[in-house]
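Me: Could you walk me through this structure, a bit at a time?

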Amino acid sequence: MREIIMTAVERGQEALSEYESKRVVETAGVIVSGNRLATSRDEAVQMAATSGYPVALKGCSPALTHKTEMGMVKLKLKTPEEVAEAYDEITSKGVELDGVIVQEWVEGDNREFVIGMTRDPQFGPCVMFGLGGIFTEALKDVSFRVAPLTEVDAMEMIDEIRTQKLLGEFRGSPAVDKKKLVDAIIGIGNLSSEYEQIAEIDINPLIIEKSNPVAVDALVILKK
Amino acid sequence: MNLHSLFCPSSIAIVGASDTLFKWGAYIMSNILDGGFTGKVYPVSVSKSIVFGREAYKSVRDIEDKVDLVFITTPAQTVMAVLEDCRDSGVKNVVMVTSGFSETGEDGARMEKEVERFAIENGMHIVGPNTMGIVNTHCCLYATGSIVRPVRGGISIVAQSGNLGNQIMEWAEQEKIGIAKFVGSGNEGVLKVEDYLEYFMDDEDTSVVLMYIEGIDDGKRFMDVASRVTAKKPVIALKAGRTQSGSQAAQSHTGAMSGSHVIFESVMKQTGIVIARTPSELLTLSAAFDSFPVPDDNRVGIITLGGGWGVVTADECEERDLSIPPLPDDVMEKLDKRLPPFWSKANPVDLVGQPDIVLFEESIEYMAASDSFDAIITLGMVGSKQFALRAAEAAMNLGNLSKGEYQKFKDNLDQYQMDFLDKIILITEKYGKPILPVSLAKTDYDEMVHQLKGSKYKLVIYGSPEEAVLCLQKMYHYSRYLAKRRN
């Protein structure tokens, strides 16, 4: 984790790539979806076979912030041929990439949450938890606490959001494992206290697979 | 931080003392003298020899006695010389009323830094500059620029706006809500809001801390102090600037949704500070925490003189995290024996318009004694006398009741109400549960806070159910905060 952050800082990156971001938040205690980086078509096909179909492919570079809009995200690929074709398409956009992420497909149950971090000039790193997905900023159903966090703090953050009911058993899906959410929230707080170099974090969406909160995207922004 | 000799001085000097009305040196001096401060008071003035009948000194140095506290009201450029005099005379506490420091710009900020350095080097406690002053009702020290004289009590106030602090004390004076100490923290050149908060933590006269905050310098220290204080006594705070927009520089969604006020409110939740949304709510909540025991949990029993009132109160409770459990069998049985057959037979307990004090008292006690309830709201026995009185008044106007008879009737009713409130305090003591009375008709001469000599609890008499429910909700949240951290 230290190496990823330090190397990125030395290179003058403004942010970590998605691949790097996920590795960092995973070490901090967040469950992330299978996260491998392929640098050739064959490697991508092999990785897909290892993780099992379907998979998603995403172009990976610290400079990429609008992957979807640029056609850099290919979802639910079911065969080696589809993977190979997607790899070629992503790498032919003329954008310099670290590689292509081969991500195992996580079948969520439509519940999406967010964990984030921002630095307040008075209080330092503040962790956010709330309703995630594309309506995050529109609905603003989130809670904040200043890091480092205790288990009670993290639990109170979770209990504070208005859409509480989504965390329990919901339309046939099991209740969310709150202990794992608490670990992820505390972990992001500790990561931010330890690494001053990190300015902001977005883990969105955090989808619910069975009862586990799993990060399928992450962004770690570095200090300028 | 021990600020005891600042708030409880035996001797005070006022530099810039004056008896020319409408000067700060006159406001402070006359307020201290007229407020009944029992220690010594020395005016210091370069131009006057007598101030309010007292011989004035040319300098703090000339005062032979030991001086515990010096007020400075002279212009900013004279302040450093006065501070040197103070140091040389062994003065440890200064209240710097003088303005013209960091609030005016860079030059002022530089002078304020100089004051801070001097204070640190010489171990001096300095309030301000640019402060409204201080109050300590427990030694009759009223030393603010505007004269307010709230009664002695348990609420201590630290306000980053002197005007707002004054307004709150004025309301407290009118409603007879007891205040212990007040400080307008001014520019906080030396002593910060955290220092006062920390001092109030161990101050025996303070049972509740009331804060008005605009901004703080040291977030980590604030959190550390606040969480230690709330573990010992409740802190109620209003943070101004709710509508300021979030940080514009944020690159993440998280950053865009934060903003200083959102974070500050989170800090208050994290440290157990009770959040007030308006100045009047600040005082109302502080009075509640100063008067009632906090409930162990959120189960509320309601006793009402009329049905509709019970229903709206129950709604209000449910919307504010409080629950209205059904009546347990044993309470149901006890009540059923005493109440007319058409009573509600449920929580809220509806006494169906029976303003019978004994019935009320008994019903309250049955509910308070039950393990099913953590708090009681009683609607309507208080204030119902007003309607009996109106009827008597009408009879008097029509010549059916003499003035003397009317007066006797009124005195009796007033006494009944007082006795009823005394009884509620005794029940509160017996079961350690808050019992919040809501008045049916509050008049100007009715008290807002009812006290019973020798009891550690008081009663706040509410003018509306929603006000009572809000206070109960905040007390429950505080209690829950403490309980979660004890385990």
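What follows is a conversation about the structure shown above.

Me: What kind of model is it, and how are things numbered?
Reply: This is a predicted model, in which local features need pLDDT of at least 70 and side-chain atom pairs count only at pLDDT 80 or more, while totals for chains, interfaces and linings use all residues. Residues are numbered from 1 along each chain as its sequence is written, and chains are lettered from A and ligands numbered from 1 in the order in which they are written.

Me: What is the mean pLDDT of chain B?
Reply: Chain B has a mean pLDDT of 94, with 99% of its residues at 70 or more; pLDDT is the predictor's confidence in each residue, from 0 to 100. For the complex, the predictor gives an ipTM of 0.93 and a pTM of 0.94.

Me: How many helices and strands does chain B have?
Reply: There are 16 helices and 20 strands in chain B, where helices (H or I, at least four residues) and strands (E, at least two) are DSSP runs numbered from the N terminus. Along the principal axes, the C-alpha atoms of chain B fill a box of roughly 80 × 70 × 35 Å.

Me: What share of the residues in chain B is buried?
Reply: Of the 487 residues in chain B, 49% are buried; a residue is buried if 20 or more other C-beta atoms, placed from the backbone, lie within 10 Å of its own, exposed if 12 or fewer, and partly exposed in between.

Me: Which domains does the assignment give for chain B?
Reply: The assignment gives domain 1 (4-290) and domain 2 (294-486), with bounds that come from an automatic or database domain assignment. The C-alpha centres of domain 1 and domain 2 of chain B lie 38 Å apart.

Me: And how many residues are in contact between domain 1 and domain 2 of chain B?
Reply: Eleven residues of domain 1 of chain B are in contact with ten residues of domain 2 of chain B, a contact being two residues whose C-beta atoms, placed from the backbone, lie within 7 Å. On the side of domain 1 of chain B that touches domain 2, helix α10 (residues 279-291) of chain B gives the largest share, with five residues.

Me: Let's switch to strand β10 of chain B: is it mostly covered or uncovered?
Reply: Strand β10 (residues 152-159) of chain B is mostly covered, since seven of its eight residues are buried.

Me: Which strands does β10(B) pair with?
Reply: β10(B) pairs in the parallel sense with strand β11 (residues 179-184) of chain B over five bridges, and also in the parallel sense with strand β12 (residues 208-213) of chain B over five bridges; two strands count as paired if DSSP finds at least two bridges between them. Val158(B) has Val183(B) as its bridge partner in β11(B), and Ile157(B) has Leu210(B) as its bridge partner in β12(B).

Me: What do β10(B), helix α5 of chain B and β11(B) make?
Reply: Together, β10(B), helix α5 (residues 162-175) of chain B and β11(B) make a right-handed β-α-β unit, where right-handed says that, with the strands pointing away from the viewer, the path from the first strand over the helix to the second runs clockwise.

Me: What is the phi of Lys176(B)?
Reply: Lys176(B), which lies in the loop between α5 and β11 of chain B, has a phi near 55 degrees, a positive value in a residue other than glycine. Lys176(B) counts as partly exposed because it has 15 C-beta neighbours inside 10 Å.

Me: Why does Phe22(B) count as exposed?
Reply: Phe22(B) counts as exposed because it has 7 C-beta neighbours inside 10 Å. Phe22(B) is found in the loop between β1 (11-15) and α2 (24-34) of chain B, and its phi is near 70 degrees, a positive value in a residue other than glycine.

Me: Back to the two chains: how many residues does the contact take from chain A and from chain B?
Reply: The contact takes 25 residues from chain A and 20 residues from chain B. β7(A) gives the most to the side of chain A that touches chain B, with five residues.

Me: Where is Pro148(A) found?
Reply: Pro148(A) is found in the loop between β7 and α6 of chain A, and the peptide bond from Ala147(A) to Pro148(A) is cis, with omega near 0 degrees. A cis peptide bond joins Asn204(A) and Pro205(A) too, with omega about 0 degrees, and Pro205(A) has its place in strand β8 of chain A.
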